[in-house]
Amino acid sequence: MPIAKRARGGVSASLLVLPPIALLLSACRGTQSALEPSGPAAAEIALLWWVMFAGSVAIFLLVLILLCYPFLRGSEKRWQLSPDRMIVIGGIVFPIVVLSALLPYGINVGYGMNAAVADDALSIRINARQWWWEIDYIGKGSRLAFSTANELYLPVGEPVELILESADVIHSFWVPRLAGKRDLIPGQTNRLVIEADEPGIFRGQCAEYCGESHALMAFFAVAVPADEFADWARQQHNPQPAETRPYHPGAVLFRENGCGLCHAVRGHDALGRTAPDLTHVGSRLTIGAGLLANTPQNIALWLAHNNELKPGNRMPAYRHLNLGDRLAIADYLGNLE
Ligand code: CUA
C-alpha cells in the first residue's frame, strides 16, 4: 500500500497523496457518474458522498497529527496522550458523536429516494430479467399503455414513480446520475422515485450480481423535455401499421423463424412477452440491453452470435440463417420506429 507507506512520513507527506486523489476523482465524470448528478435525489446522494469524503479526510489528517505529535515533541509529551483517555475519547465518544450525526442525515437522504409523487405522476413498471429490462409505461386506470425495453424515457423536471419487480433473481436498478440504487426482488414490489432536471442520456447498470451476464445488463435513461416526451409516448403507443408487413422479406423471415413467439411487434401478429417488445425497436439507441449500437450490422451479428456476445442469454442463436437473411430481418426491425 503506497499510501500507507507515505503516511508514516507525517502530515507533509499526506499532502503529497492528495493531488493524485484529486486527479483520480476528476476522472469520475461521464454518463454514469454519481459525482455528476442531474437529478434532485442524485444531487443529495452526491452531497452526502462529499460530506463523508471531507469527514474521512479530516479524520485521517487528525490521526496523522496525533501520530506525529509525540515523535516531534519528545518522549515526555507522549504521556499527554495516555492510552485510557485516547481510547475513551477517540474510540468511544468521537465515533458516537460522528455516527449519531451521520446516521439521521443518511437515512433522510434515503427517504428522498422514496418521496411522495402527485397522484397523476407518470408511473413506469420495470420488470428485471436475466439480462434485460422490461419497461412498461402505465396509463390511466393502472392499465398498460405500452411496453418497451432497455431504454427509460423520462420527461425532464417531473418526478416519475418506478415500480420495481423481478421475474427471476435479484437485480438492482441504478442510474447513478439520476437517483439512488434499489433492488428488484422476485415476489416483492419496490418503489423508487426518479427525476432528471436536465435533458440528457444517462447510463444505468444492474448493480447486483445476477448471473453470468450481470455486467452486460445495462440500459439508458433518456431525459427529454415534456413536449418531446409526449410525442415519443404517442409514437410508442401506436402499433405498427399492418399493411407494411407482408411486403418485407425480413418480416416474412421473422414470422417463419418463430421470433414472434417470444417478441412482440404490435400490429404484426407477434405477441410474445418473454423477450423484449420490438414494436418500436428501430427507435432505440442500443440492442442487447446497452450492449451494441442499434445498427443493421449489429442486429445481424446478434441474431447469429448472441450467445458469445451475451453468455447465457435465453435467445437461440440463428446461425442457420445466412448473412443476407439476417440483414433482411435487421432491416425490417430497424424500420420499426
Ligand atoms: Cu441483473 Cu445484475
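Helices (H or I, at least four residues) and strands (E, at least two) are DSSP runs, numbered from the N terminus. This is a predicted model, in which local features need pLDDT of at least 70 and side-chain atom pairs count only at pLDDT 80 or more, while totals for chains, interfaces and linings use all residues. Residues are numbered from 1 along each chain as its sequence is written, and side-chain values use heavy atoms, with hydrogens and water left out.

A pocket is an open set of points, on a 1 Å grid over the protein atoms alone, where a 1.4 Å probe fits, with protein on both sides within 12 Å along at least five of seven lines; lining residues have an atom within 4 Å of a point. Grid points are joined across faces, edges and corners, and a volume is the space filled by probe spheres set on the points.

In the lining of the largest pocket, strand S13 (286–287), helix H7 (296–309) and helix H8 (323–334) each supply at least two residues. H7 gives the largest share, 3 residues. Nearest the centre of this pocket lie His263, Ala275, Pro276, Trp302 and Met315.

For the second largest pocket, strand S2 (132–138), strand S3 (144–149) and helix H5 (226–237) each supply at least two lining residues. The largest share, 5 residues, comes from H5. Asp120, Ala121, Leu122, Ser123 and Ile138 lie nearest the centre of the second largest pocket.

The table counts Ala, Val, Leu, Ile, Met, Phe, Trp, Tyr, Cys and Pro as nonpolar, Asp, Glu, Lys and Arg as charged, and the others, Gly among them, as polar.

| Pocket | Volume | Lining | Division of the lining |
|---|---|---|---|
| Largest pocket | about 710 Å³ | 33 residues | 20 nonpolar, 8 polar, 5 charged residues |
| Second largest pocket | about 550 Å³ | 22 residues | 13 nonpolar, 4 polar, 5 charged residues |
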